[in-house]
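Hello,

Here is the structure for your files. My notes follow it.

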Amino acid sequence: MKAKYARLILDWHRRFGIEKAHEKYSKESFLKYKRALEEFIQRWEEHPDPELVNEIAHCQLSGTFEVFFCEPVPASILQLYDMELLHLHREGISLGQIAKLILHSQDSNADEGGMQTKELFDLPSGWDQSPVLQKPCSKVIRQRTVVDAVRSEFGGTLGKLQAHGLGGTSLMVALHESAIHIHSKSETRRMGNELANFTVYSPASFGLQLASGPGTLVGAMMSGRVRVGKVLVGVKADWAIDHRKESDHGHNRRD
Amino acid sequence: MDITVGIELINDQDQEVTIELPVGSVIEVDTSTVQNVALSRRYRFVLPPRSTLRTSVEGVCLNRNLSPPNSASGLMTPFRFDSPEIDQDQVWDRVSSPTA
């Protein structure tokens, strides 16, 4: 369904948008709009994948197409598509609202090759004592930098763990930046104010699963049974020996 | 090259606590300019009541393109690299090619 919505948006711009844009835009802005539309149409003809569907929706919501956010979709276009789209016209739906339907609809896996609009990472109740299998998945997020995109996706869920002394957000940022660096993708660390699309991956996409469960440090931290004080990464091998001299409590065993 | 992590474990309770760090447990650094770490083996610690244990654990680097950390401040994360054995090349190959 989402692919049909995206195609409907493109169709509206091709039939009506070009003419209206002449009136609304300066010459320079019009050319930018026209280029964006032509590029979308060409890509759609070559490979209408879920990522492209998302990009079209983002462009309609906050990109070059945004000026037509409130434009209603006329019945003449709806009739070209399946009858199931006609209910949109009855509701007087606009292009912007259709774009929102694309990004927020729940049928993400139905016909879109696995595109997901829900959060990539979630921690259901009880995850700390019974780890939940994480699945690889990705989504396109429109932000100014890849750091902003990753933080917007993970900062909420992982940010809540800070109260228990656990991190994770910086790790996800570093993993995304490393993957981009290694593959020299165009999605580099962008500067400036222009929004761009970034593919953000779930922890499982990098081979990560939850380290929680009965008896684990993560489980003990979440339940408050154990706290972690200082953590220093990249110390000498005798760090613990030196510090044991200062405090002779505790003992440990390595398996 | 293995990276050593110094870690302070605190048991504020009146009972002994035994905890485990599964193989692959990930420790992040505060800054994105140096390497994060996945533990290369499983660790088990017994913390007596009301005690602080300062110990060290060892792991491999998660970010091939970053510099080695040098006493960088870090945090435990809820994650582990999902593999029964941790091999540096295998870790780098896996994290550099995320799957969707």
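In chain B, B:Ile10 stands opposite B:Thr52 in strand S6(B). Strand S1 (residues 3-11) of chain B pairs with S6(B) in the antiparallel sense over nine bridges; two strands count as paired if DSSP finds at least two bridges between them. Strand S4 (residues 37-39) of chain B also runs antiparallel to S6(B), joined by three bridges, and B:Val37 stands opposite B:Cys61 there. Nine of the 11 residues of S6(B) (residues 51-61) are buried, so the strand is largely enclosed by the rest of the structure. Buried means under 20% relative accessible area, exposed over 50%, and partly exposed in between (1.4 Å probe, protein chains only).

This is a predicted model: local features need pLDDT of at least 70, side-chain atom pairs count only at pLDDT 80 or more, and totals for chains, interfaces and linings use all residues. Residues are numbered from 1 along each chain as its sequence is written, chains are lettered from A and ligands numbered from 1 in the order in which they are written, and side-chain values use heavy atoms, with hydrogens and water left out.

Chain B as a whole has one helix and seven strands, in the order β-β-β-β-β-β-β-α along the sequence. Helices (H or I, at least four residues) and strands (E, at least two) are DSSP runs, numbered from the N terminus. Of the 100 residues in chain B, 59% are buried.

In chain A, 10 of the 13 residues of helix H3 (residues 50-62) are buried, so H3(A) is largely enclosed by the rest of the structure. Among them are A:Asn54, A:Glu55 and A:His58. The cover over the buried residues of H3(A) includes helix H1 (2-24), helix H2 (27-46) and strand S1 (138-143) of chain A.

On aromatics, the count over all chains is 10 pairs. Rings of Phe, Tyr and Trp (its six-membered ring) pair if their centres lie within 6.5 Å; planes under 30 degrees apart count as stacked, over 60 as edge-to-face and the rest as tilted. A:Trp12 and A:Phe68 make a tilted pair, 5.2 Å centre to centre with 55° between the planes. A:Trp12 is in helix H1 of chain A and A:Phe68 in the loop between H3 and helix H4 (75-78), 56 residues apart. A:Phe68 is buried, with a relative accessible area of 0%. The rings of A:Tyr33 and A:Phe65 have centres 5.5 Å apart and planes at 65°, so that pair is edge-to-face. A:Tyr33 and A:Phe65 are both buried. One aromatic cluster includes A:Trp12, A:Tyr33, A:Phe65 and A:Phe68.

Regards

Conventions
Contact means heavy atoms within 4.5 Å.
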